[in-house]
Amino acid sequence: VAREMGYQSRFYARTPSPRNSGIGSIGYLLDSQEHPNVMSDPFQQHFLTGIEQRAGDLGGHVVFASVHEEARDQVIPSLITDKVVRSVILKVTNDTPQRWIQRIQALVPTAIIMHRLPDHS
């Protein structure tokens with residue numbers, strides 16, 4: 001029915017053409033119940049500003065999202081399932097399930113940052 005009505009997949013609507021040399025959208029996914037406090041930390045602000053500036057230099061941008069509930073419930077965030085982002089930077093906590101991280105890594109290139117968790121690869 002969607003095809004008959006002319007609807008187009010979000011994936012095709014948001015995916016740049018191969019000729020576009022930009023990196024596209026990167027998701028910065030923060031697994032934290034303290035999202036507002038983390039974002040107001042001066043170190044975090046400086047760090048996130050650097051990520052955003054570098055992404056812009058490479059022709060992309062960063063989409064920030066708090067994903068604590070998704071991690072807890074082991075649901076893949078819609079930024080990934082709807083193909084809004086091409087890759088993710090994932091800031092995890094001690095409570096972030098390893099299986100959830102692995103499922104995300106299977107779908108998009110993933111960088112895990114700022115953690116000292118022996119259980120996480």
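Is T96 buried or exposed? T96 is buried, with a relative accessible area of 3%, where buried stands for under 20% relative accessible area, exposed for over 50% and partly exposed for values in between (1.4 Å probe, protein chains only). The structure is a predicted model, in which local features need pLDDT of at least 70 and side-chain atom pairs count only at pLDDT 80 or more, while totals for chains, interfaces and linings use all residues. Residues are numbered from 1 along each chain as its sequence is written, and side-chain values use heavy atoms, with hydrogens and water left out.

Four strands form an open sheet in the order β2-β1-β3-β4, with parallel pairing. Helices (H or I, at least four residues) and strands (E, at least two) are DSSP runs numbered from the N terminus, and two strands pair if DSSP finds at least two bridges between them. At the edges stand β2 (60–66) and β4 (110–113); each has a single partner strand, so one side of each is left without a neighbour in the sheet. From one strand to the next the twist averages 20°. Strand β3 (residues 87–91) runs parallel to β4 and is joined to β4 by four bridges. Within this pairing, V88 is placed opposite T110 in β4.

Two helices lie across strands of the sheet. Helix α3 (residues 42–57) lies across β1 (24–30), β2, β3 and β4, and runs at about 145° to β2. Helix α6 (residues 98–107) lies across β3 and β4, at about 145° to β4. Axes are lines fitted to C-alpha atoms, for helices over the stretch in contact, and angles run from 0 to 180 degrees between N-to-C directions. Contact means heavy atoms within 4.5 Å.

S87 is located in strand β3 and is buried at a relative accessible area of 17%. Apart from neighbours within four places in sequence, the contacts of S87 are S25, I26, G27, V108 and P109. T96 lies in the loop between β3 and α6. The side chains of T96 and D31 are joined by a polar contact of 2.3 Å. A polar contact is a pair of N or O atoms within 3.5 Å; within protein, one must be able to donate a hydrogen and the other to accept it, and residues adjacent in sequence count only if both atoms are side-chain atoms.

The count of aromatic pairs is one. Rings of Phe, Tyr and Trp (its six-membered ring) pair if their centres lie within 6.5 Å, with planes under 30 degrees apart counted as stacked, over 60 as edge-to-face and the rest as tilted. The ring centres of Y28 and F64 are 5.6 Å apart and the planes are at 55°, so the pair is tilted. Because Y28 lies in strand β1 and F64 in strand β2, the pair ties together parts that are 36 residues apart in sequence. Y28 is buried at 1% relative accessibility, whereas F64 is partly exposed at 30%.

One salt bridge was counted, defined as a side-chain nitrogen of Lys or Arg within 4 Å of a carboxyl oxygen of Asp or Glu. This salt bridge links the side chains of R72 and D73 (3.1 Å, N to O). R72 is exposed, at 51% relative accessible area, and D73 is partly exposed, at 45%.

Q74, in the loop between α4 (68–73) and α5 (78–81), has a phi near 55°, a positive value in a residue other than glycine. K83, in the loop between α5 and β3, likewise has a positive phi, near 55°.
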